[in-house]
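Here are my notes on the model, written for someone opening it for the first time. They are set out as numbered points.

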Amino acid sequence: MTSLPECTRQRLQRLPLIPHVWEGGRLPVEDLIASTPLSPSQKSDCIIWLDGSDGLVRAMDIVKASAGKEAVVRVLLKAIENPHNPAKPGRPKKIVVKDRELQFFLRGVLQNLDIEVDYRPQLPLLDELWFNFQTSELQNASRLSPHLLSKLGNLACSLWQLQPWLLLSEDEILRVDISRWHVDSLYVCVLGMMGEERGIVLYRSLDSLKQFREAIAYLALTRYNSSQDEEELESIFLQQDCWFVNFNCSPPFSSYPSSSTVWKSECQGEKVSIVFGSIHPYEGIRPLKDDEEIFPIYAALSALASFIEQHEDDLAGESIKLVQAEYVVPSPDKNDSSCQVSVSTVPDLTCELEGFVERIQEEVDSKIVQAYSAPEEGGGEEDLSSARGEGLSSSGKGKGKVLKYDLLPYDTIVLLDTIPSLLLSRLHNVSYTETSYCCPLSAETVARLHNQAATTPFPVVILQTTKPKAKELLSRLEAERGIARVMFAPSKFPNEVVGIIQTTKGDFYVLEWFPKQANFLQRWRKRVAKFDGYCGVVVAMGARGSSRGNPQAKDLLYLFYTRVDK
């Protein structure tokens, strides 16, 4: 659409034509609050229309960065019909923008309204207004002592060098007892083991930590509408009560303004930007404001660094154990004083956080079971022949069977992938576990698959979890006498299919839900077709290490040969 509705145009034409020049445009909000980290869902632009003749802001609005040029028009119409006080409604004689595409767009929209649309490479008044906004923000966030910020920044650099995210997962929480500066205990979460954003979160409230994790787990396990997810995720994120330290070595230093809450340094040859800030339901995300905020953060990070150095071997284990230590750390508020800080692991809390996922998964699974098929009258079992389509009903093998959900550990990552011929041969001949079961394929069939794999990678379903749980899964599959077949059946949701494993023993287990039209699923099924319907199921470890979601050869433990139902 390039013009306004006729009724809107007539309504605007009735407003007086003001002999003024307005400046307008959109600027990224990140330029204003770059001292705090923003999630993708928070990327926003500020649209402003300024009366250059009177020096008044007639309209201003915040929109998502992805919003099109139509958003600029909407704010312009507000400036014309419903301007901020003390401006009066009216049409400007001329508007000026510094975006050529926007100029041409507005010319089409505003035709027959007697408004001239001009272009200038610079808009002095608008640029000055935005500069004043930035300056004001920096001044508001600059009450920190440079000396204290320097000490905190150097301490954070030492933590960067320790790489705590290689030792601790997000569920392995540390408790730091300070009992000073109005802070009793902080609950420390280390981010980065999953290869994503690296940082340290210090929760001021245990309830806040639990509520956030439970809400995130529920959203992740019931995610179906991406647009609603972004809004809900932002709302959940802003309910936290914590301080945070974010590390970023990707952007150049110039991507951050000179702000009192961003520390820039070079650690082990890498340029690292370290962002300090706070999140609270009433304040939102903000930079650190006062020296008093630095005191407990500094004490906690100092004790945390000592704890990680002293107990690195204990923290590197597959499952976290109870470890406690006390440290006397220098107090940041006085150079000649010190304070005693206690640091401990909290295994019970780790189990509780993991239990959130298991409990919510059970709730979600039970709802999906009900959606797939109604239970038989007088009984609680599900007849897969009526719920899963031809793949389960044509042979009659699914008749009266119960679809189960307890085969895979709750944190299992399911990947549809391929493996090269050399790795296929290694997995075929060598097992790194004590699992033993009879291969369902004949020697001739296996030889044919291996010969074909020499030119085309062999399709596999990789089930990646932690090493102890991988061993438990292998024992379970051994008891089930291996895997008979993998199948894909219709889901309750029209855009999804459910992957199912049938064991040789005859039981059916949910594997994963996949987007029905996903390219990766279609490509994988075509690869299976090249092998006449055969594929492998590989059990792998490493779900909590650097190879999470991308298992390496050393992580692959065992290969089951099977077929995929057409």
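1. How many bridges pair β2 and β3, and in which sense? The two strands pair in the antiparallel sense over eight bridges. Strands here are DSSP runs of E with at least two residues, helices are DSSP runs of H or I with at least four residues, and both are numbered from the N terminus. Two strands count as paired if DSSP finds at least two bridges between them.

2. A word on the source. This is a predicted model, in which local features need pLDDT of at least 70 and side-chain atom pairs count only at pLDDT 80 or more, while totals for chains, interfaces and linings use all residues. Residues are numbered from 1 along each chain as its sequence is written, and side-chain values use heavy atoms, with hydrogens and water left out.

3. Strand β2 covers residues 44-51, and eight of its eight residues are buried. Buried means under 20% relative accessible area, exposed means over 50%, and partly exposed lies in between (1.4 Å probe, protein chains only). The cover extends to both faces of β2: Ser44, Cys46, Ile48 and Leu50 are buried on one side, and Asp45, Ile47, Trp49 and Asp51 on the other.

4. Strand β2 has another partner in β1 (residues 17-28), which runs antiparallel to β2 and is joined to it by seven bridges. Trp49 of β2 stands opposite Gly24, and in β3 the bridge partner of Trp49 is Ala59. The hairpin of β2 and β3 has four residues between the strands, and Gly55 takes a positive phi near 70° there.

5. Ile501 has Tyr509 in β20 as its bridge partner.

6. The structure holds 18 salt bridges. A salt bridge is a side-chain nitrogen of Lys or Arg within 4 Å of a carboxyl oxygen of Asp or Glu. One of them links Glu6 and Arg9, with the closest N and O atoms 2.6 Å apart. These two residues are three apart in helix α1 (residues 6-13), so about one helical turn separates them. Glu6 is partly exposed at 45% relative accessible area, whereas Arg9 is buried at 8%.

7. A salt bridge between Asp61 and Lys78 has an N to O distance of 3.3 Å. This pair links distant parts of the chain, 17 residues apart: Asp61 is in strand β3 (residues 56-64) and Lys78 in helix α3 (residues 70-81). Asp61 is partly exposed, with a relative accessible area of 27%, and Lys78 is also partly exposed, at 41%.

8. Arg175 and Asp177 form a salt bridge through their side chains, at 2.7 Å from N to O. Arg175 is partly exposed, with 31% relative accessibility.

9. Glu309, Glu312, Asp313 and Asp314 form a negative surface patch. Such a patch is made of residues with over 30% relative accessible area and no salt bridge, with like charges joined within 9 Å. Helix α10 (residues 312-315) gives the largest share of the patch, three residues. Asp314 lies in this helix and is partly exposed, with a relative accessible area of 43%.

10. Some backbone details deserve a check by eye. Most residues other than glycine have a negative phi, and most peptide bonds are trans. A cis peptide bond, with omega about 5°, joins Asn85 and Pro86. Pro86 is placed in the loop between α3 and β4 (91-97).

11. Asp114 has a positive phi, near 60°. It is found in the loop between α4 (100-109) and β5 (116-119), and at 53% relative accessibility Asp114 counts as exposed. Arg481, not a glycine either, has a positive phi of about 65°. Its place is the loop between α16 (467-479) and β18 (483-490), and Arg481 is partly exposed at 48%.

Key: Patch = residues over 30% accessible without salt bridge, like charges linked within 9 Å, V, L, I, M, F, W, Y side chains within 5 Å. Areas by Shrake-Rupley, 256 points an atom, 1.4 Å probe, with all protein chains shown as cover. Lys, Arg positive; Asp, Glu negative; His and termini not counted. Charge placed at Lys NZ, Arg CZ, Asp CG, Glu CD.
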